[in-house]
Structure formats: structure tokens, C-alpha cells
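Here is a short note to read beside the structure. Keep the view open and find each residue as it comes up.

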Amino acid sequence: MIIYNRIDECIKNAMLSKDMELCEVFRSIKCAFQNHETAKNAKPIDETIEIEILKRLRKQAYESAEIFKQENRMDLFEKRNFECEVLDKLIPDAPSDEELIYIVKTAVSEIEKPTMKDMGLLIKKTKEVFPSADGKTVSTIVNEMLRAVI
């Protein structure tokens, strides 16, 4: 909950600096977090959930920006583009493949006799270390490592 705890302070700082566009972006992020909290069967917000929410917001902003650009609505395009820039700064960088391979190798070495059934466990351990890692990339690396060990 690193980002979630800082959002109120970011809103306050944006308001003090009279940057209403930035304030609006942070308010939409806070709203997305609160919507997640109040949704039925929602998991508690942790770093992984924060990143998922931010990535979803970024994807929506990029798609909106593209549509606005196609429709020649440059005022709205610039607004969404600014939102994308702010979200890009908040989302941590994804780990490199080398870092993922190292973590997966470490996790595989902890298992006595690794099998393909351990794939879910290895993916979960890797995502705990790197919550911003792309799930498909992690899955591919875990699959390759397990095939090499078996």
C-alpha cells in the first residue's frame, strides 16, 4: 500500500501548487482504489493490487488518448496524455528477464523435486518479489526453468 498511502498527500500538494490537472489525476487514482476496496469479493489492497489498478488506469488513459487523437480532439488528447505520463511515473519499472530468471532459479532450488505442478507456486513466489512483473513473462520463464530441471 505504498502508493495508496501517499495519494492524499499528493492531492494536497497538487492543490497547494494550484495544479488542478495533477490534482484531478490523483483524485481519479484515489477513486479507483476506493472502488476496489468497496467492491464485493475484493482482495485487500497490497502492492500487487495497486500496480494492477494503476496499469488498468494507464491502459484506459492510453486508449482514450488514441481515440481523442483520431477524432481531432487535441484538448482531450493532451489531458489524457498528461494522465498517462503521471501514471507511468507511479508504476514501478518491470524487472528485467535476468532478474526474473535469478528469482525463479532460487525458488526452484528451494523445491526438492520440482514438477510442472509447482508452476503456480513458483509464479506466486516470483510475483511476491516483483509485483510489477508481467504475468505472461513470468509464466514463460517459470515454464522454461521447469522444463530444464525436469
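1. Start with a rule. A salt bridge is a side-chain nitrogen of Lys or Arg within 4 Å of a carboxyl oxygen of Asp or Glu. The count under this rule is six salt bridges. One of them joins the side chains of aspartate 8 and lysine 30, at 2.6 Å from N to O. This pair links distant parts of the chain, with aspartate 8 in helix 1 and lysine 30 in helix 2, 22 residues apart.

2. A word on the source. This is a predicted model, where local features need pLDDT of at least 70 and side-chain atom pairs count only at pLDDT 80 or more, while totals for chains, interfaces and linings use all residues. Residues are numbered from 1 along each chain as its sequence is written, and side-chain values use heavy atoms, with hydrogens and water left out. Helices (H or I, at least four residues) and strands (E, at least two) are DSSP runs, numbered from the N terminus.

3. Aspartate 8 is partly exposed, at 45%. Lysine 30 is partly exposed too, at 24%.

4. Look at two further salt bridges. Glutamate 110 and lysine 125 meet through their side chains at 3.3 Å, N to O. Glutamate 110 belongs to helix 5 (residues 97–110) and lysine 125 to helix 6 (residues 119–129), so this pair ties together parts 15 residues apart in sequence. Glutamate 110 is exposed at 54%, whereas lysine 125 is partly exposed at 27%. Aspartate 75 also forms a salt bridge with arginine 73, with the closest N and O atoms 3.6 Å apart. Aspartate 75 is partly exposed, at 49%. Arginine 73 is partly exposed, at 39%.

5. Now take helix 6 by itself. Which of its residues are buried? They are Met119, Leu122 and Thr126. Seen down the helix axis, these buried residues fall within an arc of 65°, so they line one face of helix 6. The arc is that of the directions from the helix axis to the C-beta atoms. In general, an α-helix has 3.6 residues a turn, so residues three or four places apart point the same way. On the other side of helix 6, Lys124 and Glu128 are exposed. The cover over the buried residues includes helix 5 and helix 7 (135–149), where contact means heavy atoms within 4.5 Å.

6. Next, the aromatic rings. Rings of Phe, Tyr and Trp (its six-membered ring) pair if their centres lie within 6.5 Å; planes under 30 degrees apart count as stacked, over 60 as edge-to-face and the rest as tilted. The count is one aromatic pair. Tyrosine 4 and phenylalanine 33 have ring centres 5.3 Å apart and planes at 85°, so the pair is edge-to-face. Tyrosine 4 sits in helix 1 and phenylalanine 33 in helix 2, so the pair ties together parts 29 residues apart in sequence. Both tyrosine 4 and phenylalanine 33 are buried.

7. Last, check the backbone in two loops. Most residues other than glycine have a negative phi. Lysine 18 has a positive phi of about 60°, though it is not a glycine. Lysine 18 is in the loop between helix 1 (2–16) and helix 2 (20–38), and it is exposed at 68%. Asparagine 41, not a glycine either, has a positive phi of about 55°. Asparagine 41 lies in the loop between helix 2 and helix 3 (47–70), and it is exposed at 81%.

Conventions:
Buried < 20%, exposed > 50% of the residue type's maximum accessible area, 1.4 Å probe, protein only.
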